[in-house]
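Reader: I'd like to learn how to read a structure like this one. Could you walk me through it, feature by feature?

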Amino acid sequence: MASLDAFIRDVPDFPKKGIIFKDITPLLADTDALKEAVRLLAQPYHDLEVDVVVGVESRGFIFGPAVACALDAGFVPTRKPGKLPAKTISASYELEYGTDALEMHADAITPGQKVVLIDDLIATGGTISAVRQLVEQLGGDILGASFLVELCFLSGRDKLPGVDIHSLIQIQGE
Ligand code: AMP
């Protein structure tokens, strides 16, 4: 199999001019690449007795539950405002292309649970630091955060001091 980065397609000027969108759909469509990505995303956490994998809407919903199954853990979604039906907590964040907020059910995590964060990509790190705030507000213990792609030139990991960051594909510059 080709290395995983061969399955990520660059789409220039999406969703707006100047952004090079990292399209993961070729990787999702390939049986071996998808299995390998899920295996590698879960790898750092085996034997750590993870309770919950937290995934970020929307592409974190693709990898999160698969990684949760690989780790014998549950899955908790963080969603855009107004999507979750029960009582929520909320944190706002900045994207590479805009600002938004994320919500999590207020009872989704109990204090002391061991949590892994999953998303497809870390850019500026704003999204995942909002997720971190939500998990920590509920008393979760974050074991690490894993991403398929890291845009290293945006230094997103600097926004997450104290969190173990893992990425499968590092992009050094555009
Ligand atoms: P950030 O908060 O800047 O780390 O942005 C990460 C979030 O935005 C992830 O949920 C990504 O799916 C999405 N994202 C940001 N930049 C890109 C990009 N260049 N290509 C694909 N997705 C991106």
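Reader: Let's start with Leu34: is it buried or exposed, or in between?

Author: The general idea is relative accessible area: buried means under 20%, exposed over 50%, and partly exposed in between, using a 1.4 Å probe and protein chains only. Leu34 comes out at 28%, so it is partly exposed. One caution: this is a predicted model, where local features need pLDDT of at least 70 and side-chain atom pairs count only at pLDDT 80 or more, while totals for chains, interfaces and linings use all residues. Residues are numbered from 1 along each chain as its sequence is written, and side-chain values use heavy atoms, with hydrogens and water left out.

Reader: Where does Leu34 sit, and which residues is it in contact with?

Author: Helices (H or I, at least four residues) and strands (E, at least two) are DSSP runs, numbered from the N terminus. Leu34 belongs to helix α2, residues 31–42. Contact means heavy atoms within 4.5 Å. Setting aside neighbours within four places in sequence, Leu34 is in contact with Leu27, Leu28 and Phe63.

Reader: How do I read Lys114 in the same way?

Author: Lys114 lies in strand β7 and counts as partly exposed, at 26% relative accessibility. Beyond the neighbours within four places in sequence, its contacts include Leu48, Val50 and Asp141.

Reader: What about Ser129, buried or exposed?

Author: Ser129 is buried, with a relative accessible area of 15%, and its place is in helix α4. Now for polar contacts: these are pairs of N or O atoms within 3.5 Å; within protein, one must be able to donate a hydrogen and the other to accept it, and residues adjacent in sequence count only if both atoms are side-chain atoms. For Ser129, a polar side-chain atom lies 3.2 Å from the backbone oxygen of Gly126. Ser129 also touches Lys159 and Leu160, not counting residues up to four places away in sequence.

Reader: On to the ligand. How many residues surround it?

Author: A residue goes into the shell if one of its heavy atoms lies within 4 Å of the molecule. Here 18 residues surround the ligand, and Arg59, Asp119, Asp120, Thr124 and Thr127 are the closest. A polar side-chain atom of Thr127 is 2.5 Å from a ligand oxygen, and a polar backbone atom of Gly125 is 2.7 Å from an oxygen atom of the ligand. On the nitrogen side, a backbone N or O atom of Ile20 lies 3.0 Å from a nitrogen atom of the ligand.

Reader: How much of the ligand does the protein bury?

Author: Accessible areas come from the Shrake-Rupley method with a 1.4 Å probe; for residues, only the protein chains shown count as cover. Taken alone, the ligand exposes 490 Å², and the protein buries 96% of that. Strand β7 gives the largest share of the shell, four residues.
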